[in-house]
Amino acid sequence: MALVNTLLGSGNAGQAAQAIVGFVSLAQTASGASQGAQSLPTAIVEYTSSTANYGPTLPAAAAPGDQYTIFNNTANTIKVWPASGYKLNGGTTDAALSLTTLKTATFTSLGNGNWVYNLTA
């Protein structure tokens, strides 16, 4: 994975280097009560407030290999949905991942609206 400092040292401008690595949104509220109700603000998101089982929906139009990392730093389980009609890890269409407290999941787009994810232990 590229690091901002490494990219800066190779001559990339600050904003370009950050865009390559991915922008971070800290202290967000998981506010989507259902699939499609909340999009992700950036590629790396920390949720610190939520109602149980609320959360974001991954974008349908992601390019192959695009990644989003979500950290649940709330007191509740949050949900992460694929876009309508799509799947996570080849599971049931439209089924969400329940991301429990203090867990992180990194989602990688397959480029067809479907996603695979890695979940922390």
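**The sheet and its surroundings**

Tutor: Alanine 27 is exposed, with a relative accessible area of 53%; exposed means over 50%, buried means under 20%, and partly exposed lies in between, with a 1.4 Å probe and protein chains only. The model is predicted, so local features need pLDDT of at least 70 and side-chain atom pairs count only at pLDDT 80 or more, while totals for chains, interfaces and linings use all residues. Residues are numbered from 1 along each chain as its sequence is written, and side-chain values use heavy atoms, leaving out hydrogens and water.

Alanine 27 is part of strand 1, where a strand is a DSSP run of E with at least two residues, numbered from the N terminus. Its phi is near 55 degrees, a positive value in a residue other than glycine. Most residues other than glycine have a negative phi.

Five strands make up an open sheet with mixed pairing, in the order 1-2-3-6-7; two strands pair if DSSP finds at least two bridges between them. Strand 1 (24-30) and strand 7 (115-119) are at the edges with a single partner strand each, so one side of each has no neighbour in the sheet. On average, neighbouring strands of this sheet are turned by 25 degrees against each other, direction ignored; axes are lines fitted to C-alpha atoms, and angles run from 0 to 180 degrees between N-to-C directions.

Within the sheet, strand 3 (residues 67-72) and strand 6 (residues 103-109) pair in the antiparallel sense over six bridges. The bridge partner of tyrosine 68 is phenylalanine 107, in strand 6. Leaving aside neighbours within four places in sequence, phenylalanine 107 is in contact (heavy atoms within 4.5 Å) with residues including Leu58, Tyr68, Ile70, Leu97 and Trp115.

Phenylalanine 107 also belongs to the largest nonpolar core, which has 16 residues; Leu40, Tyr47, Leu58, Ile70, Phe107 and Trp115 have the most contacts inside it. Strand 2 (44-50), strand 3, strand 4 (78-80), strand 5 (97-99) and strand 6 each supply at least two residues of this core. A nonpolar core is a set of buried Ala, Val, Leu, Ile, Met, Phe, Trp, Tyr and Cys residues joined through side-chain atoms within 4.5 Å. In soluble globular proteins, nonpolar side chains tend to be buried together.

Leucine 102 lies in the loop between strand 5 and strand 6. Leucine 102 counts as exposed, at 55% relative accessibility. Although leucine 102 is not a glycine, its phi is positive, about 65 degrees.

Key
Helix = DSSP H or I, 4+ residues; strand = E, 2+ residues; numbered from the N terminus.
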